[in-house]
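Q: Could you take me through one part of this model closely? I want to know what it is built from and what packs against it.

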Amino acid sequence: MGFWQEYQSVANHSEQEIHALAADYVAGKLSLTQFLSGLRSSTIIDLGEAQIDYDRARRCGFPEVVFAEGKTIEALQKIFRALRERGVDVLATRVTSEQAAALLPEFSEARYNAMGRTFRIPVFSDAEADSGAAGREEKGRVTIVTAGTSDLPVAEEARETALWTGAEVTLVQDVGVAGPHRLRANLHLMENADVVVVVAGMEGALPSVVGGFVSCPVIGVPTSVGYGASFGGVAALLSMLNSCAANVTVVNIDAGFKGGYIAGLIARNAAKARAALASAGKR
């Protein structure tokens with residue numbers, strides 16, 4: 001195990017856990033091998049209602065995200081506290097207004113997006129992040145496009161998720177194929193993006209059109225917006241899956257989180273590549 005992996009393993013333990021291990025080692029209850037093994041122990045913490053995976057960021061790029069639908073307020077509170085104790089930038093999706101109203105008094109620094117139904121408890125405030133080292137790093141660029149205003153709830157979930165990944169996010173609204181001139185007027189907002197997320201219901205044609213104008217990946221997010229023959233988003237899903245634009249890929253119906261998460265991964269890797277090229281050019 002390299003230094004960084006050792007550091008991440010230790011960092012995933014709470015301060016109380018490390019103190020307890022150290023106290024047992026000093027008291028002679030643990031050998032050095034047992035002490036080090038304890039620091040490297042499983043990063044899955046059993047809270048009863050949930051099994052929290054603190055190793056997700058190291059393995060997968062970003063921390064675990066909480067799906068709030070169906071969870072009690074008490075369960076969400078326990079999960080949020082456990083994540084916060086370990087310095088995790090908390091993101092929860094599908095949070096109802098009733099859940100948010102009960103959670104906000106305890107987590108005063110949290111931000112609730114009622115339209116996107118996301119609840120975020122950032123490690124740093126926006127001002128702190130912008131003034132710190134993270135604010136000076138090269139950021140990935142994500143553009144999110146909606147076909148219509150009715151697609152905004154899904155687009156907002158995607159936007160909040162992409163922001164949580166650290167990307168710079170631009171939102172372009174209401175440029176569906178019913179008025180193609182609106183899309184052309186906003187193409188300049190997509191041309192420099194690392195990835196474009198296109199959120200559309202009805203017949204789901206917009207990702208194919210966008211794909212024909214940009215040189216980056218396009219993530220289609222079908223929504224359940226539409227009349228009877230849209231079959232709750234199935235028509236849009238099938239249309240996007242059958243796109244003849246080679247740069248279009250598709251996620252599940254109404255899965256704004258999935259679109260924003262994958263976009264964040266793509267954008268972060270693109271930003272790393274740009275930073276590496278810029279560093280090499282300075283040598």
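The answer below starts with the sheet and its helices, then moves on to aromatic contacts and a strand group.

A: First, the ground rules. This is a predicted model, where local features need pLDDT of at least 70, side-chain atom pairs need pLDDT 80 or more, and totals for chains, interfaces and linings use all residues. Numbering starts from 1 along each chain as its sequence is written, and side-chain values rest on heavy atoms, with hydrogens and water left out.

The protein chain holds 13 helices and eleven strands. Both are DSSP runs, numbered from the N terminus: helices are H or I with at least four residues, strands are E with at least two. Of the 283 residues, 42% are buried. Buried means under 20% relative accessible area, exposed means over 50%, and partly exposed is in between, with a 1.4 Å probe and protein chains only.

Now the sheet. It is open and has five strands, in the order β8-β7-β9-β10-β11, with parallel pairing. The edges are β8 (168-172) and β11 (248-250), each pairing on one side only. On average, neighbouring strands are turned by 25° against each other, direction ignored. Such angles run from 0 to 180 degrees between N-to-C directions, with axes fitted to C-alpha atoms, for helices over the stretch in contact.

Look inside the sheet. Strand β9 (residues 195-200) pairs in the parallel sense with β10 (residues 218-222), over five bridges. Two strands count as paired if DSSP finds at least two bridges between them. Val199 stands opposite Val221 in β10.

Helices pack on this sheet. One of them is α12 (residues 234-241), which touches β9, β10 and β11 and makes about 160° with the direction of β10. Another is α9 (residues 152-164), which lies across β7 (141-146), β8, β9 and β10 and runs at about 165° to β8. Contact here means heavy atoms within 4.5 Å.

Stay with α9. Its 13 residues reach 18 Å from first C-alpha to last, close to the 18 Å expected at 1.5 Å a residue. That expected span is 1.5 Å times one less than the number of residues. Ten of the 13 residues are buried, so α9 is largely enclosed by the rest of the structure. The buried set includes Leu152, Val154 and Trp164, and also Glu156, Glu157 and Glu160. Just after the helix, Gly166 takes a positive phi of about 100°.

Seven aromatic pairs turn up in a search of the whole structure. Rings of Phe, Tyr and Trp (its six-membered ring) pair if their centres lie within 6.5 Å; planes under 30 degrees apart are stacked, over 60 edge-to-face, and the rest tilted. Phe62 and Tyr261 have ring centres 5.5 Å apart and planes at 85°, so this pair is edge-to-face. The two sit 199 residues apart, Phe62 in the loop between α4 (56-60) and β3 (66-67) and Tyr261 in helix α13 (residues 256-282). Both Phe62 and Tyr261 are buried. Arg268 lies over the face of Phe62, 4.7 Å from the ring centre. A charge counts as over a ring if NZ of Lys or CZ of Arg is within 6 Å of the ring centre and within 35 degrees of the ring normal.

Phe80 and Phe119 are stacked, 5.6 Å centre to centre with 10° between the planes. Phe80 belongs to helix α5 (residues 73-85) and Phe119 to strand β6 (residues 118-121), so the pair ties together parts 39 residues apart in sequence. Both Phe80 and Phe119 are buried.

Strand β6 has antiparallel partners. One is β4 (residues 90-93), joined over three bridges, where Val90 has Ile121 as its bridge partner. Another is β5 (residues 111-113), also antiparallel and joined by three bridges. Here Asn113 stands opposite Thr118. The β5 and β6 hairpin has four residues between the strands, and Arg117 in it takes a positive phi near 55°. Thr118 and Arg120 point one way from β6, Phe119 and Ile121 the other, and all are buried.

Finish on β5, which contains Tyr112. At 23% relative accessibility, Tyr112 counts as partly exposed. Beyond its neighbours within four places in sequence, Tyr112 contacts several residues, among them Val95, Arg117 and Phe119. Ala100 is twelve residues from Tyr112 in sequence and 6.8 Å away, C-alpha to C-alpha.
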